[in-house]
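Biologist: I would like to learn how to read a protein model, one feature at a time. Could we begin with the general idea each time and then turn to the case shown here?

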Amino acid sequence: MSDQQFSPPTSEWYHPTEDVINNAHVPDYEEVYNEAANDLEGFWAEQAESLDWYKKWDTVLDDSNAPFYKWFVGGKTNMVLNALDRHVKTWRKNKLAIIWEGEPGDKVTMSYWRLWQEVNKFANVLRSMGVKKGDRVTIYMGRTVEIVVAMLACAKIGAPHSVVYGGFSEQALADRIEDAQSRVLITADGAWLRGNIVELKKVADEAVRRSPVVDTVICVKRTGQDIHMEQGRDYWWHDLMALPIASPICETEVMDAEDPLFILYTSGTTGKPKGVLHTHGGYQLYTSTTLKWAFDIKDDDRWWCAADPGWITGHSYIVYAPLILGATSIIYEGAPTHPYPDRWWRIVEEYGVTILYTAPTAIRGLMRFGDAWPNRRDLSSLRLLGTVGEPINPEAWRWYHRVIGNETCPIIDTWWQTETGGFMITPLPSVSLKPGSATRPFPGIKVDVVRDDGTSCDPNEDGELVIQGPWPSMLRTVWGDDERYLSQYWEKYKKFGWYLAGDAARKDDDGYFWVIGRNDDVIKVSGYRLGTAEVESGLVSHAAVAEAAAIAVPDELRGNVIYAYCILVDGVQGSDDLVEALKDHVGHEVGPIAKPSKIEFVDSLPKTRSGKIMRRILKAQAMGQEVGDTSTLAD
């Protein structure tokens with residue numbers, strides 16, 4: 001059986017309406033893509049004119065020491081100059097920057113003017129604590145307004161932040177503090193999740209005990225339970241912000257375009273987490289351009305990226321890009337299904353959300369509860385939908401389009417990484433869609449699917465996804481480890497100068513990209529390569545299955561066999577008959593070679609903070625091995 005039999009369904013098209021095309025920032029994708037391809041530096045220089053600069057750049061791109069690329073060399077800027085400072089001099093100062101809702105139902109709204117003042121106050125607090133330009137500050141918090149203020153305040157004074165997701169363990173936090181050498185830790189007493197308190201301060205205390213490099217802890221009072229506050233080390237956020245030092249006027253540090261903005265740790269398949277380094281200049285340009293064009297952001301939009309600020313989607317598309325564009329953003333604390341499975345749909349209705357961007361895993365989780373919950377709500381304000389985090393299976397895509405988008409909202413299915421800083425493969429609203437495909441590369445980006453020798457794969461042939469050239473928001477290195485940066489991302493295709501994404505993909509006859517998943521998520525059965533995504537899509541397309549994960553387990557005869565875990569739709573009971581029915585269903589939908597050897601029914605799946613299923617843990621469990629580091633688990 002050839003790979004061709006596992007090729008994606010390419011015949012199903014969803015075309016944008018004339019109205020969508022005519023009102024899009026980029027009505028003609030091909031024209032703009034070709035313009036960028038013909039003059040990459042000229043193209044990015046033109047886009048950079050939309051930002052404010054203290055001093056314009058001398059050189060757009062310096063590739064003299066590739067792959068240590070530099071962008072907008074000689075340019076002077078600061079993320080906060082464009083995210084806040086410029087807006088408070090215009091009519092936007094009175095526009096809502098943030099609409100925030102806590103899990104218990106408390107609400108906060110902040111105009112650009114008030115957010116600017118809060119950031120200035122906290123920036124002055126940090127300076128009073130001795131934080132200087134270049135010092136790293138670690139942030140370990142829940143989804144509150146204060147995490148946004150803290151990140152922006154760090155950027156304002158030129159102190160690179162390292163945000164650690166609030167679900168990480170003591171050791172994971174300690175390792176990241178140690179690697180970044182952060183003297184200051186910003187945390188909270190706790191966070192609300194599904195009616196329970198996540199005890200952040202308790203974890204922070206133990207992490208600081210294990211990594212004594214920290215000498216100052218600033219704590220937000222969120223949940224109000226009794227916590228340990230160490231004299232001389234721990235300070236309440238609200239106490240500091242009430243002091244005279246917390247002046248609402250603060251000078252923004254003038255930064256070089258290549259100065260560090262933040263470090264964000266991402267888990268590798270092996271070894272310790274990698275501190276991915278992003279800089280002020282190219283990152284702010286690329287994130288804001290991608291958000292504006294892919295999600296067609298207009299002044300009257302209400303943008304909701306339903307992610308956590310603690311991972312790259314939150315950095316780029318909750319905190320930075322929306323503010324650069326002067327948009328109004330929704331941020332929420334808690335879970336999509338608490339207290340009821342319509343929490344998200346109520347938020348869309350209540351705040352008039354126009355664009356919703358979330359992960360396929362969340363969509364599948366909400367699909368479990370059926371159509372009735374969203375159908376009770378008025379979702380007519382929505383005009384665009386988006387997905388991020390992993391390939392979306394066509395079944396979930398269709399449900400999202402039909403039930404949530406009323407068959408009128410284009411779905412912007414984005415492929416990108418912590419390392420890329422922003423969307424790399426994504427439709428623009430004017431581009432025709434195929435369910436499950438991230439479509440085409442963003443203008444200015446050249447990607448391909450190649451074999452190990454660097455030759456391009458044929459249509460519908462699996463291969464390595466590579467990025468063939470630099471882009472403004474690319475990672476600059478792995479913090480403190482240039483060798484790892486070179487070996488992990490550039491070594492394999494060094495002679496071509498290509499970035500290795502680490503994902504398997506295909507390109508179809510129309511030039512559309514289908515990301516299969518991480519290369520460690522590709523299963524080889526009897527010599528045939530199967531993406532976990534296609535086996536999982538086959539399972540989820542059965543009416544009884546809400547979510548699925550597939551892994552390869554070694555087998556003497558076939559090399560590997562497929563072991564699948566399924567979460568069933570509410571009200572469906574697992575049985576031996578259902579196991580057999582699901583095996584037959586996958587055989588019919590994907591092909592006989594894709595039939596799982598074993599199917600196990602579970603209530604939940606181990607996932608990272610970005611919604612990716614941690615198949616490594618499932619595999620270890622299936623084989624009776626130690627599960628290893630689970631610090632990146634969301635729950």
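Modeller: Let us start with the polar contact, which is a pair of N or O atoms within 3.5 Å, where one must be able to donate a hydrogen and the other to accept it. In this structure, which is a predicted model, a polar atom of the side chain of His278 lies 2.9 Å from the backbone oxygen of Thr418.

Biologist: Where does His278 sit, and is His278 buried or exposed?

Modeller: A residue counts as buried when its relative accessible area is under 20%. His278 belongs to strand 15, which covers residues 274-279, and because its relative accessible area is 0%, His278 is buried. Leaving aside neighbours within four places in sequence, the residues in contact with His278 include Pro260, Phe262, Tyr283, Thr418 and Met474.

Biologist: How much of the protein chain is buried?

Modeller: Of the 635 residues in the protein chain, 63% are buried. For a chain of 635 residues, a compact globule would have a radius of gyration near 26 Å, and the 24 Å of the protein chain agrees with that.

Biologist: How many residues of helix 13 are buried, and what do they pack against?

Modeller: In helix 13, residues 360-367, eight of the eight residues are buried, so this helix is largely enclosed by the rest of the structure. Among these buried residues are Ile363, Arg364 and Leu366, and the elements that the buried residues of helix 13 pack against include helix 12, strand 19 and helix 17.

Biologist: Which residue has a positive phi of about 70° although it is not a glycine?

Modeller: That residue is Asn460, which lies in the loop between strand 21 and strand 22 and is buried, with a relative accessible area of 5%. Asn406 has a positive phi too, near 50°, and its place is in the loop between helix 15 and strand 20; because its relative accessibility is 59%, however, Asn406 counts as exposed.

Note on methods. Residues numbered from 1 in each chain as written. Predicted model: local features only at pLDDT ≥ 70, side-chain atom pairs only at ≥ 80, totals over all residues. Heavy atoms only, no water. Rg over C-alpha atoms; globule rule 2.2 N^0.38 Å. Buried < 20%, exposed > 50% of the residue type's maximum accessible area, 1.4 Å probe, protein only. Helix = DSSP H or I, 4+ residues; strand = E, 2+ residues; numbered from the N terminus. Contact = heavy atoms within 4.5 Å.
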